[in-house]
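Hi,

Here is the structure we talked about. My notes on it follow below.

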Amino acid sequence: MPTLLYRLGSLAFRHRRRVLALWLVLISATVACMVAFGGTGKLDNTFTIPGSESQQALDRMHSDFPTSSGTSAQIVFTAPAGQKLTDPADQQAIRTALAAAGSAPQVAKVVSPEVAHTVSPDGSTAVAQVQYEVTASQLQSGSLDALKSAVGSAGQSGLDVQVGGAAFSSASSKSGSSDLIGVGIALVILVITFGSLLSAGLPLVSAIAGVVTAIAGVLALTGVVSISSTAQSLALMIGLAVGIDYALFIVSRHRSQLALGTEPQESAALAVGTAGSAVVFAGLTVVIAMAGLSVIGIPYLTVMGLSAAAAVLVAVAVATTLLPALLGFAGHRLTPPPGTRARRRELVASRAGAEPANTGERWFRLVTRRPLLTVLACLVALGALAWPVHSLRLALPDNGTAPAGSSQRLAYDQVSKEFGPGFNGPLLILADTSHAADPTAAADRIAATLRTLPDVSAVGRPSLNPATDSALIQVVPASAPSDQATRNLVDAVRAEEGTIRQQTGATIGVTGSTAVDVDVSAKLNAALIPFAAVVVGLSLLLLLLVFRSIVVPLKAAAGFLLSIAATLGAMVGVFQFGHFSNLIGVDRAGPVSSFLPIILLAVLFGLAMDYEVFLVSRMREAYARTKQPLAAVHSGARHSARVVTAAALIMISVFAAFLGTDSQMLKQIAFALAVGVLLDAFVIRMTFVPAVLALTRHAAWWLPRPLARVLPDLDIEGERLQHHRAAAGRVEQERAEQEPTEQEPTEQQRAELRDAEGSLT
């Protein structure tokens, strides 16, 4: 692979104008497809599990109870303090608002508070139900805004009117200027790292080109594939972070070689062949892990993983083709000028000496001075952070975690206050009474049985459809939709099916948004351990192939698990317990998103392998040359610590910039990835790893001979490529020295030449 990438980098450098033109055409084509066939207006945020009980019941409801099968919204009317909604003027305002709501786009039915019996006991609050025949993903972009505008007249009469409900739970999240903030911080870090605006700008230009291509390509598919706003934001977040980091690794290697006198074309080709090989390896690990999310069987998660994988794949393609072309346009201008700090740093790093070359090497020497103490300190610190994991509670976010002050949050809080938290997420029980002797009596018997279950606040009167021999019963839990008690109630209702069948001959299915969320969470929880086992097993195999060592993969996998556990512990502390949550705009504690642990495993796995390869490969190269284990660890820091530090800081900055989003799920993902990279890069890779390698010394690079003969040597860092290029250079120089040079003829030779010419004439 290094040789192939070397040739690719050289080709892109030589034909830089053609490569740039091809990328501009590709970017323009994807943007044009996005405008023509897709766009953000077609994003779908629906959670479904094909084949699950809740989804099967929901699918049948489309034919049996079409007006109740779609999503729904709530209109919450609240009288001023000390007043009641029984005032004639308030009643008229409510009737006018409900009539206007019935004419709003895509509304199938509006159920007044009197019919639904949803007036609070003190008469201060009333809730009207708005039914849609379409799912939340099928709502047009302006339908919910039109509903808000339609009921606004009631607010003008003095009533407080808020609109919420399940239809708003899937509203698209807005990241605002998060991506711009991340790019700005990344630019500052790059300028500090390189000391040059031109060198700092190249990674940003290439990363932005990759992100635009990937996001436009993803949005172009929204017309035929359901893609969520979270999937789009995750692809943007991951693509921007890895795009900058991958370009940073290649540009850094290129500048180091230029400082040592390598010609720009040869340097760019070598940088792509060496650092580019590690980029391809790291990128493919992220792609494999993210694409692996599709095996879980949840469409929402599948699209999220494939979107992020596509963004990473494009970032790798940009780094290995467009970036060397841009290096060709820059030419010698990327060479650190003589006398500058960057030039001195590169020259010092190229000479192995007793004194440390940079701060990274000083840190590595410090943590390897007492390696056992360092390892114990890391274990204690990460163990303390991971301790809250035993209290981890997973659920899908609802309107209870919506931004404070939003209409759906205010409606959720008011409904919880007046009617109980379970009213925000009722369960729908679909009963098939076709085999019952008396369908009406069977439906009533089912409702009576449901009232006896624990955690049931209320059971509605059954709605019958004689044409299909089915009944629909609404059950209001006493607990909030995300509470464990609600999950237990869903399980209890399903457990009663056998008894109900024996008593009435009817069968039941539990559905509704709350039941679907419960099924999604249950499936994610069941898939977490197997997916973690696959990811850890894959990391062991990949690192075994790359480093041809037993210790290196084991300590890398152990470090990965430690960073995952510590990150989840931090998540519990901030989002569940509420510690320091106000600092990131979280005003209410709640469960961690069910999607987060699996996404964290997939993304952090690839990033951890990224830093592991760039740090440890230099150590392995130095050990193979010197056979001095401790000196090899220090040499790895000399060449890689500064770049890995900059890359990690850029990653953290890009992820942390998305903490300003109004989506609780995206906020949790951003926080988890930022903390995960922070812990994995600085605590694991730059502290724990060198300490373990210093502790194990020669054993760290040992591989049994039978295994060594079987395993292929991938040469990720392109060590053989560099040796071949150096050998070719020496051969060329020796050949040039051995070739005869033209000499001036002697006086005798000139005389003989004149005699010969004279005889010819």
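**What I found**

Arg-60 and Asp-64 join their side chains in a salt bridge, at 2.7 Å from N to O (a side-chain nitrogen of Lys or Arg within 4 Å of a carboxyl oxygen of Asp or Glu). Both residues sit in helix α3 (residues 53-64), four residues apart, about one turn of the helix. Helices here are DSSP runs of H or I, at least four residues, numbered from the N terminus. The structure has 10 salt bridges.

Before you dig in: this is a predicted model, where local features need pLDDT of at least 70 and side-chain atom pairs count only at pLDDT 80 or more, while totals for chains, interfaces and linings use all residues. Residues are numbered from 1 along each chain as its sequence is written, and side-chain values use heavy atoms, with hydrogens and water left out.

Next, a helix pair. α20 (residues 484-495) packs against α22 (residues 513-547) at about 100°, with the axes 10 Å apart (axes are lines fitted to C-alpha atoms over the stretch in contact, and angles run from 0 to 180 degrees between N-to-C directions). That makes α20 roughly perpendicular to α22 (65 to 115 degrees). On the α20 side, Thr-486, Arg-487, Val-490 and Arg-494 meet Thr-514, Val-518, Asp-519, Ser-521 and Asn-525 of α22, with contact meaning heavy atoms within 4.5 Å.

Cheers

Conventions: Helices (H or I, at least four residues) and strands (E, at least two) are DSSP runs, numbered from the N terminus. Angles under 35 degrees count as roughly parallel, over 145 as roughly antiparallel, 65 to 115 as roughly perpendicular and the rest as oblique.
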